Amino acid sequence: MDKQTFDRGLEIRKSVLGAEFVEKSLQTADDFNRPLQELVTEYCWGAVWGREELPRKVRSMLNLAMLSALNRPHELEMHIRGALRNGVTREEIREVLLQVAIYCGVPAAVDSFRIARKVFAEVDQNSPST
C-alpha cells in the first residue's frame with residue numbers, strides 16, 4: 001500500500017462521505033473486509049478521486065449515474081449525500097436521474113428518485129432551522 005495515496009484517499013473519502021461514516025467503516029473492519037476498506041480508500045479515493053482533471057462535483061454526478069445504472073441502492077444513497085457535500089444541487093441530481101431514465105431505463109430512475117427523495121428528507125430533517 002502506498003501510504004501517501006492512502007492518506008490522500010482517506011482525506012477525500014472523509015470530505016465526501018463524512019468523517020463519522022468513514023471512521024466507523026474503518027473501525028468496524030475485521031480481518032475479512034479490512035483489505036477491501038484499504039483498497040477502496042487507496043485506489044478509489046486516493047488514486048482516482050485524488051486526480052485533479054475532474055472536479056469532485058463532476059465525479060459525484062458521474063457516480064450517481066453509474067450507481068443508478070448498476071442498481072446499487074446502498075452506494076447510491078451514500079453518494080447522493082456526498083454529491084450534496086460536493087455542491088451538486090438537488091436540481092442537478094434530478095437532471096442526472098432523468099438522464100438515467102433515458103439511457104438506463106425508467107425502473108432504474110424510479111428507484112434512484114425514490115432514494116434521492118429519502119436522502120433529501122433526512123438531510124432536511126437533520127439540518128438546523130434557519
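Me: Is Leu 70 buried or exposed?
Reply: Leu 70 counts as exposed because its relative accessibility is 52%; exposed means over 50% relative accessible area, buried under 20%, and partly exposed in between, with a 1.4 Å probe and protein chains only. The model is predicted, so local features need pLDDT of at least 70 and side-chain atom pairs count only at pLDDT 80 or more, while totals for chains, interfaces and linings use all residues. Residues are numbered from 1 along each chain as its sequence is written, and side-chain values use heavy atoms, leaving out hydrogens and water.

Me: Where does Leu 70 lie?
Reply: Leu 70 lies in the loop between helix 4 (56-69) and helix 5 (73-85). Helices are DSSP runs (H or I, at least four residues), numbered from the N terminus.

Me: Turning to Ser 68, why is it buried?
Reply: Ser 68 counts as buried because its relative accessible area is 3%. Ser 68 is found in helix 4.

Me: Which residues is Ser 68 in contact with, leaving aside neighbours within four places in sequence?
Reply: Those residues are Leu 76, Leu 97, Val 100, Ala 108 and Ser 112, where contact means heavy atoms within 4.5 Å.

Me: Now the cysteines: how many disulfides are there?
Reply: The count is 0 disulfides, a disulfide being a pair of cysteine sulfur atoms within 2.5 Å.

Technical notes: Helices (H or I, at least four residues) and strands (E, at least two) are DSSP runs, numbered from the N terminus.
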